[in-house]
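I opened this complex to go through it piece by piece. These are my entries, in the order I looked things up.

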Amino acid sequence: MKRLIPVLLLALAACGAQPAAQQAAPVGLTWAVETQPITLNPQQWSQNKARLLVFNQFDALLTRNKDGSFGPWLAKAWKVSDDELTYTLTLRDDVTFHDGTRFDAASVKANLDQFFVEGYNAAVAGIQLRAFKEAKVLSPTTLEITLKEPDALFLDFLASPYAGQISPKSLKSAKDLKFGGTDLAGTGPFILDRYVPGQELHYRRNPAYKWPPAGAAHQGPAHLAEITYRFLPEAAVRVGALTSGQVQVIEGVPATEAGLIKNDPGLTLQTALNSGTSFSYYFNTSRAPFDDQRVREAFRAAVDVDAVLKAVYQGTATRAWSIVGKASPFYDASLENTFGGDAARANKLLDEAGWKQRDAQGYRVKGGKRLSVRTIASAAFIRDRRDILAQAIQAQVKQNAGIDFQVKIVDQGTAQKALDDNDYEVFENSRGDSDAGAALNLLLPGKGALNRTHFSDPDVEKWIAEASRTSDQARRKELYAKVQQVVVRDKAIVFPLYVPADQIAAQKSVQGLGFHPASGTPASAYDVRIGT
Amino acid sequence: MTGRLAALARLGVVRRLGTGLAVLWAAATASYVALLIAPGDTVDILVGDGADTPEIRAAIIKEWGLDRPEIVQYLAYLWRLLHGDLGRSYQLQRGVGEVLATQIAPTVQLTLAAAATGVTLAVVIALATAGRGRAARGVASAAELVAVSVPPFLIGIVLLAVFSFTLGWFPVSGAQGPSALVLPALALGLPIAGVLGQVLRGGLERALEQPFAVTARARGLTERALVARHALRHALIPAVTLAGWFTGTLLGGAVITEALFGRPGLGRVAMEAVTGRDMPVVMAVVLLSALVYVTLSTLLDLAYRAIDPRIRG
């Protein structure tokens with residue numbers, strides 16, 4: 001022991017003497033991110049929080065713009081036949097994978113066919129590619145894809161992380177294909193050269209890169225020679241690492257820390273709304289009490305949403321008015337100011353619905369039963385302080401209308417069991433699909449995979465089906481507006497709360513940070529540079 | 001005579017190995033059963049919040065062999081375990097053995113550093129304060145109480161705020177060399193130093209009141225030599241008994257510490273596996289912890305003999 005103490009002291013002193021904060025070389029930077037990706041294979045991608053990494057290493061065939069239209073990327077042009085069953089892609093002829101393999105029509109076909117290899121990705125094969133029939137190589141730069149039936153979301157698939165192109169050589173020989181990693185060759189502006197699980201990802205620039213998507217801020221190779229993404233799940237630690245200069249960029253800035261960053265003249269803060277659906281409470285219409293539309297409307301009227309959001313998110317949250325998020329081109333603004341914050345109306349509706357008596361705790365009662373409703377959320381999916389938000393809503397509905405709202409945060413298995421047994425009243429969810437229509441397909445039709453309201457309506461199903469078949473964006477907007485009006489206004493099966501957003505905070509010297517236009521999540525590092 | 005002793009020793013070793021294996025089997029089985037009866041089925045977990053269609057479910061059931069009877073799945077699991085195959089992670093798309101292998105070194109590094117920090121601090125403080133004036137003891141024991149009662153998460157945040165964000169002495173994250181290990185090891189080691197320090201000081205003070213201490217003083221031994229050569233040994237016995245407890249504290253605390261400091265390691269893997277119900281990973285971590293406990297308790301039995309000659313006879 002006597003010998004150990006001086007050694008330990010020496011070690012402490014030695015550590016202190018080293019410059020702790022790594023001085024960033026002017027050509028590289030460190031970016032602290034909240035979430036460690038569970039896979040680095042773009043075709044297995046499932047976490048919106050990990051989306052910012054995908055397009056460093058990989059490129060998709062198309063890119064999607066903010067208004068929902070598409071632009072060229074690895075495919076220079078595309079043609080859709082009049083029956084919307086044949087897609088002809090004209091590919092760039094100057095693209096090579098990181099392993100030197102040439103990118104051509106055959107490699108795109110290999111990537112598409114890969115989804116149908118057993119055990120690779122049944123979910124994408126069954127949803128995004130359910131209409132896919134076959135891909136034919138017409139020439140090295142021309143690929144013809146045939147569908148079994150029209151699918152309005154097929155172009156969205158070609159612009160999604162799933163369409164990230166992997167070298168056919170990697171598809172055959174990667175040690176752990178479904179996990180991805182350094183031995184998966186893409187065509188992107190950066191090459192992944194180090195992955196330390198639980199700690200960081202390190203990319204170096206792809207010097208040959210000259211095929212950025214339409215809309216990129218520059219051409220040629222990326223500005224940064226290298227970039228490190230460090231995983232720091234704790235928000236306060238990320239912010240501390242940024243303010244002390246140990247990292248140059250962070251994503252995921254909670255409302256509680258936003259003020260601190262805004263007040264620091266050396267830092268910048270940017271926010272963008274996510275695409276997809278709003279964070280909403282979906283009412284289970286198959287069970288009492290939410291089988292009664294008056295109770296559903298009363299629940300919404302009992303909550304002063306603006307006050308709740310202000311209290312929980314300190315004014316940084318954007319209120320949602322529809323199931324479709326505000327950033328989506330399909331958002332129906334006519335629904336604004338149509339619900340919430342009317343306690344008198346809530347009480348009137350509940351009286352009419354027969355919930356007239358009150359028990360000792362002040363909750364409404366009918367036929368000896370308390371007006372109780374439960375939300376059952378899986379702890380794994382709680383983010384953005386949604387548990388605190390639920391508690392604030394709980395207080396409001398109790399105080400304003402005598403509703404007993406129980407917030408149950410449980411493990412994923414228990415949550416799933418409650419859903420399977422139809423033993424819940426509220427289902428909370430938001431989806432980050434770059435095309436909100438993809439989310440509505442799952443949430444609203446009677447047989448939709450995520451239809452937790454048990455609501456079905458022939459008109460809604462007809463409109464959604466038509467919107468899924470046509471690629472006419474104006475017509476889709478019209479149809480989705482009708483859908484939103486029915487589910488939000490006429491039937492009140494959903495209670496939209498806020499539009500999820502992403503934040504990036506950075507040192508002032510970091511330029512070119514931004515968000516992916518279609519998804520609203522942080523963009524790749526391609527345009528990022530250290531300026532003055 | 002020596003032959004019989006050797007046989008006895010062999011018997012002891014064999015028996016100990018046998019119990020160890022039985023404990024491991026029980027741990028494997030208990031975790032298997034616990035996850036089996038926990039709500040929600042495996043297919044649901046594998047589907048997650050993604051798309052859920054009968055075709056996708058069928059594909060998943062086929063891929064993971066979930067259509068076999070439970071007892072067959074259990075036996076297959078044990079059989080694979082015997083061959084050192086821990087299975088495949090549901091979420092991480094990799095073999096569990098590989099996941100653990102890449103994450104074990106940083107955790108071992110962290111827990112050893114924390115244990116060394118904790119033990120060193122405890123011994124130093126106990127030696128410095130045992131039997132001394134009231135003020136010194138009061139300060140030390142208050143500090144120990146704080147270290148024990150404040151959650152490690154908070155200790156970590158405070159250490160970061162002071163030594164990393166403000167003073168910039170140590171980096172916040174990663175396993176980049178020894179400087180990145182200092183704060184996590186302190187955050188994890190302080191609660192151990194707190195408990196151990198109290199126990200050691202108590203033991204030392206009791207030992208110094210024993211008749212042998214009086215005899216030793218009468219022989220002319222200095223107080224320092226008395227403490228170092230005789231009393232510390234007595235005080236160590238209860239402290240060593242606590243080692244089992246602090247293995248648990250270290251493994252549990254590693255979960256929080258690793259996430260807070262952005263360090264790789266088993267704690268983080270375990271936490272993500274439990275929330276995502278990634279059964280193969282959870283079971284492997286349980287098995288590994290059982291292995292650590294079994295190994296450690298065997299070593300402790302031997303350590304008692306070394307410290308206290310009375311047990312040897």
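The entries below cover confidence, chain B, and then selected parts of chain A.

**Confidence.** I noted at the outset that this is a predicted model. The predictor gives the complex an ipTM of 0.76 and a pTM of 0.82. I keep one caution in mind: where pLDDT is low, the predicted coordinates should not be read in detail.

**Chain B, overall.** I looked up the secondary structure next. Chain B has 14 helices and zero strands. I then checked burial: of the 313 residues in chain B, 36% are buried. For contacts in chain B with a separation of 6 or more, I got 74% between residues 24 or more positions apart.

**Chain B, annotated spans.** I went to the UniProt record, an unreviewed entry. Its annotation "transmembrane region" covers residues 21-38, 110-130, 142-169, 181-200, 236-261 and 281-304 of chain B. I checked two of these spans against the model. Residues 236-261 of chain B are 96% helix and 0% strand, and the end C-alpha atoms lie 32 Å apart. Residues 281-304 of chain B are 100% helix and 0% strand, with 34 Å between the end C-alpha atoms.

**Chain A, a covered strand.** How many of the seven residues of β22(A) are buried? I counted six, so to speak, from the burial list for residues 501-507. I then looked for the partners of β22(A). Strand β11 (residues 249-251) of chain A pairs with β22(A) in the antiparallel sense, over three bridges. Within that pairing, Ile250(A) has Ala505(A) as its bridge partner. Strand β12 (residues 267-273) of chain A also runs antiparallel to β22(A), joined by seven bridges. There, Leu267(A) stands opposite Gln507(A).

**Chain A, a four-strand sheet.** I traced an open sheet with the order β4-β5-β7-β6 (chain A) and antiparallel pairing. Its edge strands are β4 (75-80) and β6 (132-139) of chain A, each pairing on one side only. The twist averages 20 degrees from one strand to the next. I followed β6(A) to its partner, strand β7 (residues 142-147) of chain A, and found six bridges. Phe132(A) is bridged to Leu147(A) in β7(A).

**Chain A, the helix on that sheet.** Helix α3 (residues 105-114) of chain A lies across β5, β6 and β7 of chain A, at about 165 degrees to β6(A). Which residues of α3(A) are buried? I listed Ala105(A), Ser107(A), Val108(A), Asn111(A) and Leu112(A). Seen down the axis of α3(A), these buried residues fall within an arc of 165 degrees, so they line one face of the helix. What covers the buried residues of α3(A) includes β5, β6, β7 and α6 (168-173) of chain A.

**Chain A, backbone exceptions.** Most residues other than glycine have a negative phi, and most peptide bonds are trans. I looked for exceptions. A cis peptide bond joins Ala288(A) and Pro289(A), with omega about 0 degrees. Pro289(A) sits in the loop between β13 (279-283) and α9 (293-302) of chain A. Gln314(A) is not a glycine, yet has a positive phi of about 50 degrees. I placed Gln314(A) in the loop between α10 (305-313) and β14 (318-319) of chain A. Gln314(A) counts as partly exposed, because it has 14 C-beta neighbours inside 10 Å. Arg385(A), also not a glycine, has a positive phi of about 55 degrees. With 16 other C-beta atoms within 10 Å, Arg385(A) is partly exposed.

Key
Residues numbered from 1 in each chain as written. Chains lettered and ligands numbered in written order. Predicted model: local features only at pLDDT ≥ 70, side-chain atom pairs only at ≥ 80, totals over all residues. UniProt positions renumbered as here; feature names shortened; annotations may be inferred. Helix = DSSP H or I, 4+ residues; strand = E, 2+ residues; numbered from the N terminus. Buried ≥ 20, exposed ≤ 12 C-beta atoms within 10 Å, placed from the backbone. Contact = placed C-beta atoms within 7 Å. Pairing = 2+ DSSP bridges. Axes fitted to C-alpha atoms, helices over the stretch in contact; angles between N-to-C directions. Arc of directions from axis to C-beta.
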